[in-house]
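The sequence and structure are shown first.

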Amino acid sequence: MSVLVAIGDRDNSKLVSQLQARLPNIHIEQYSQCEDFSKIEFVLAWYAPKELWAQLPNLKVVSSFGAGVDSIDLDLLPEHVEVVRIVDSQLEVDMAEYVLTHVLAQKLQLKEYYQKQAATQWKPNRVLSHNKVAILGFGQLGRACAQRLVDNGFSVSAWAQSHKDVNNVTMYYGEHGLNEMLPNTDYLVCLLPLTENTAGIINKDLLAKLPAHAVLVNAARGQHVIEADLLQALNSDSLRAATLDAFDQEPLPSEHPYWLHPKITITPHCAALSDVNCVIEQIEVSIQCLTNGTPLKNRVDRTKGY
């Protein structure tokens with residue numbers, strides 16, 4: 001069996017060497033150096049070239065290099081191919097800390113104080129009373145963020161696709177539930193997986209349902225946000241501020257209006273970064289499962305996209 005590493009436009013020699021050391025009896029190679037695609041049964045992918053999939057007649061498993069699988073066009077994979085993702089428990093901790101930190105920063109109006117410092121202005125303000133956080137997406141990361149927010153005194157609600165039995169969190173479902181939740185939201189946190197149904201979900205219609213004092217925190221994918229609609233909402237004062245960790249194009253182009261916008265806080269897609277050692281361990285396990293014919297862990301439901 002051969003394993004192919006196809007991770008974007010980068011040199012993955014170090015990663016291949018680490019995997020090869022763990023799996024000495026498995027042939028592992030990079031996409032750019034592959035000599036015989038017909039031998040490939042397992043692909044480790046992240047924004048792999050779309051033309052790759054049609055060249056793999058014996059493909060059995062595709063593993064995402066990260067927690068999400070939106071970098072893989074699932075429609076291009078044969079139905080029998082299984083897809084797995086990385087599950088890193090530390091991501092929960094990191095994401096919960098990121099969300100809590102930025103919700104508190106918005107509540108305390110820290111960005112405004114940084115701007116006042118730059119202008120040598122001494123203008124104290126009372127901490128905002130806004131205390132209601134709504135989370136879009138309630139999977140592993142959403143649950144961790146909700147618990148951390150609840151532990152710190154916030155009132156938390158969440159919107160999910162399927163029923164969740166959760167203490168201390170008010171749950172909403174479907175379009176009706178979303179429309180009911182949004183008007184009572186002070187901080188809207190997006191943690192949705194990127195799918196056909198969630199791409200562009202943060203648009204002018206959704207933003208118009210939020211109170212004018214509300215803040216958006218997007219720690220999911222840039223494609224969830226219609227950029228022009230977000231800028232319009234901020235510029236018209238129908239949204240107070242936004243903290244953005246993910247963007248439609250990354251790295252964010254230097255000329256992008258987000259950079260200098262006074263109401264936008266930018267972080268470089270760093271809210272929750274996978275530990276390389278953890279990733280390698282899980283890839284090793286997945287390859288061994290395929291080799292031994294045992295059930296794969298962390299399988300993705302291809303009908304849902306997550």
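## Enclosed cavity

The count comes to 1 cavity of 30 Å³ or more, in a model that is predicted. A cavity here is a set of points, on a 1 Å grid over the protein atoms alone, where a 1.4 Å probe fits but cannot get out; lining residues have an atom within 4 Å of a point. Grid points are joined across faces, edges and corners, and a volume is the space filled by probe spheres set on the points.

The largest cavity holds about 40 Å³ of space. Its lining consists of Asn218, Gly222, Val225, Glu227, Leu230, Leu244, Ala246, Phe247, Asp248 and Tyr258. By class, the lining of the largest cavity comprises 6 nonpolar, 2 polar and 2 charged residues. In this scheme Ala, Val, Leu, Ile, Met, Phe, Trp, Tyr, Cys and Pro are nonpolar, Asp, Glu, Lys and Arg are charged, and the others, Gly among them, are polar.

## Second largest pocket

A pocket is an open set of points with protein on both sides within 12 Å along at least five of seven lines. The second largest pocket contains about 180 Å³ of space. Residues lining the second largest pocket include Trp159, Glu175, Asn203 and Lys209; the lining divides into 5 nonpolar, 3 polar and 3 charged residues.

Helix H5 (174–181) and helix H6 (204–208) each supply at least two residues of this lining. H5 gives the most, with 3 residues. Helices (H or I, at least four residues) and strands (E, at least two) are DSSP runs numbered from the N terminus.

## Helix H7

Helix H7 (residues 227–235) has Asp229, Leu230, Leu231, Ala233 and Leu234 as its buried residues, where buried means under 20% relative accessible area with a 1.4 Å probe, protein chains only. Leu230 also lines the largest cavity. The cover over the buried residues of H7 includes H6, strand E10 (215–218), strand E11 (241–244) and strand E12 (264–266). After H7 comes Asp237, whose phi is positive, near 65°.

## Overall fold

The protein chain has 8 helices and 12 strands. Its radius of gyration is 21 Å, close to the 19 Å that the globule rule gives for 306 residues, so the chain is as compact as a globular protein of that length. The radius is taken over C-alpha atoms, and the rule is 2.2 Å times the number of residues to the power 0.38. Buried residues make up 49% of the 306 residues.

## Basis of the values

Residues are numbered from 1 along each chain as its sequence is written, and side-chain values use heavy atoms, with hydrogens and water left out. Local features need pLDDT of at least 70 and side-chain atom pairs count only at pLDDT 80 or more, whereas totals for chains, interfaces and linings use all residues.

Note on methods
Buried means under 20% relative accessible area, exposed over 50%, partly exposed in between (1.4 Å probe, protein chains only). Contact means heavy atoms within 4.5 Å.
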